[in-house]
Amino acid sequence: MSDFSPSWLIASQSARFVLRERTVALLAILFVVLVLISAWLGWQATSTVNQIYLQAAAFLAAAGQPVPTNPVLEISPLALMRNMSVYVALIGALAAIVIGNRLVSIDRKAGVLPLIGIRPLHRSAYADGKIAALLGLVLGLVAVAALMAVTTFLLLPALRLTGGQWLQLAGFMAISALYMACFGLIGLAAAAWAKSETVGLLLPVTLWLTASFILPQLTANLNPTAAINPISALAAPPDTGFFHLSSALLGPLSVADAYKFASANLLDYLPQGLSSPSLISPVASLILLTLAAGGLAWRALTRMAMTQGEFDV
């Protein structure tokens, strides 16, 4: 039997078991609700401004006054989705970490690892199945977010995306999936490596907090409160030697910085003249860091002791 069939079986069963977890379900629901709120706020704000403009335009036309351009048309409609990038960076990444952790923790707590270890199953099949389950669940969450975004634009008659803008929206969803997968893979690796369930969860969460709040402070002097605002998070770093050096050295490792600049560029709210201070392009950084996290997860899963059925207390 090839490795494909066992991997697919492991992936499908793991995904089903994880979806039954209340913690995972609550985080997934929270992510979907916040994405829905983001889409609704963008729709509501645009609809309100458009209605005010239509009333004002009718009044000015009746009075024989010149009618200005609709302010809704002066900005890219994609910018309405900018708050979605914040929810992906915070709740989406956290949900991916918990999913990655539970994919391994469920097997350990159920004591099935020794049973898997004695079967004629290659370690790579187990690793491939777990990674595939994680990627499938992450893509499912991103697909829901994409559906809400597309529905929002289709329901707004004042906004029409061009073919290029639809591609930009698809690109944003793709990098969002990369960002969430990166942290999910780290959660998967930590759960396979750690002997304690607590350590296996706290380690990736600590890395997530470091990437989200500490590294942006070191590379751009960005306060934590500013890091959760899609506009203020794009402030230019101080023009000093320290920040020039830290941006060059830590910029390629700052996955949060890479995601926020890539998102702002794809959703058309990146301020003119501002670019990422990193030596590597944001999208390239996301791809490389996700591949590195995937390699780490695969190595941890293939080297995990299958004789150890439960976590150490």
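Author: A nonpolar core is a set of buried Ala, Val, Leu, Ile, Met, Phe, Trp, Tyr and Cys residues joined through side-chain atoms within 4.5 Å. Buried means under 20% relative accessible area, exposed over 50%, and partly exposed in between (1.4 Å probe, protein chains only). In this predicted model, local features need pLDDT of at least 70 and side-chain atom pairs pLDDT 80 or more, while totals for chains, interfaces and linings use all residues. Residues are numbered from 1 along each chain as its sequence is written, and side-chain values use heavy atoms, without hydrogens and water.

Reader: What makes up the secondary structure of the protein?

Author: Eleven helices, written as 11 helices and zero strands. From the N terminus on, the order is α-α-α-α-α-α-α-α-α-α-α. Helices here are DSSP runs of H or I with at least four residues, strands are E runs of at least two, and numbering starts at the N terminus.

Reader: How much of the protein is buried?

Author: Buried residues make up 47% of its 313 residues.

Reader: Which residues have the most contacts inside the largest nonpolar core?

Author: Met84, Tyr179, Leu188 and Leu301 do, in a core of 81 residues. The elements giving two or more residues to this core are α1 (4-19), α2 (22-62), α3, α5 (123-155), α6 (163-193), α7, α10 (255-266) and α11 (282-302). Helix α6 gives the most, with 15 residues. In soluble globular proteins, nonpolar side chains tend to be buried together.

Reader: What does Met84 touch, beyond residues up to four places away in sequence?

Author: Val35, Ser38, Ala145, Ala149, Phe172 and Met173. A contact means heavy atoms within 4.5 Å. Across the protein, 81% of the contacts with a separation of 6 or more join residues 24 or more positions apart.

Reader: Why are α3 and α7 called roughly antiparallel?

Author: Helix α3 (residues 82-109) and helix α7 (residues 197-220) pack at about 165°, with axes 10 Å apart. Axes are lines fitted to C-alpha atoms, for helices over the stretch in contact, and angles run from 0 to 180 degrees between N-to-C directions. Under 35 degrees counts as roughly parallel, over 145 as roughly antiparallel, 65 to 115 as roughly perpendicular, and the rest as oblique. The angle of about 165° is over 145, and α3 and α7 are therefore roughly antiparallel.

Reader: Is their crossing left-handed or right-handed?

Author: The crossing of α3 and α7 is right-handed.

Reader: Which residues meet between α3 and α7?

Author: From α3, they include Ala89, Leu90, Ile97, Arg102 and Lys109. From α7, they include Glu197, Leu201, Pro204, Trp208 and Phe213. By class, this contact has 10 nonpolar, four polar and three charged residues. Ala, Val, Leu, Ile, Met, Phe, Trp, Tyr, Cys and Pro count as nonpolar, Asp, Glu, Lys and Arg as charged, and the others, Gly among them, as polar.

Reader: How do you know whether Glu197 is buried, partly exposed or exposed?

Author: Glu197, in helix α7, has a relative accessible area of 26%, so Glu197 is partly exposed.

Reader: And what of Pro216?

Author: Pro216 is also in α7. At 3% relative accessibility, Pro216 counts as buried. Pro216 and Gly251 are 35 residues apart in sequence and 8.8 Å apart in space, C-alpha to C-alpha.

Reader: Where do the axes of α3 and α6 come, and at what angle do they cross?

Author: Within 7 Å, at roughly 35°. The crossing of α3 and α6 is right-handed. Its contact residues divide into 16 nonpolar, eight polar and one charged.

Reader: What makes Tyr259 count as buried?

Author: Its 2% relative accessibility does. Tyr259 lies in α10 and touches Ser85, Val88, Ala89, Phe172, Ile175, Ser176, Tyr179 and Leu286, leaving out residues up to four places away in sequence.

Conventions:
Left-handed = near helix turned anticlockwise from the far one by under 90°.
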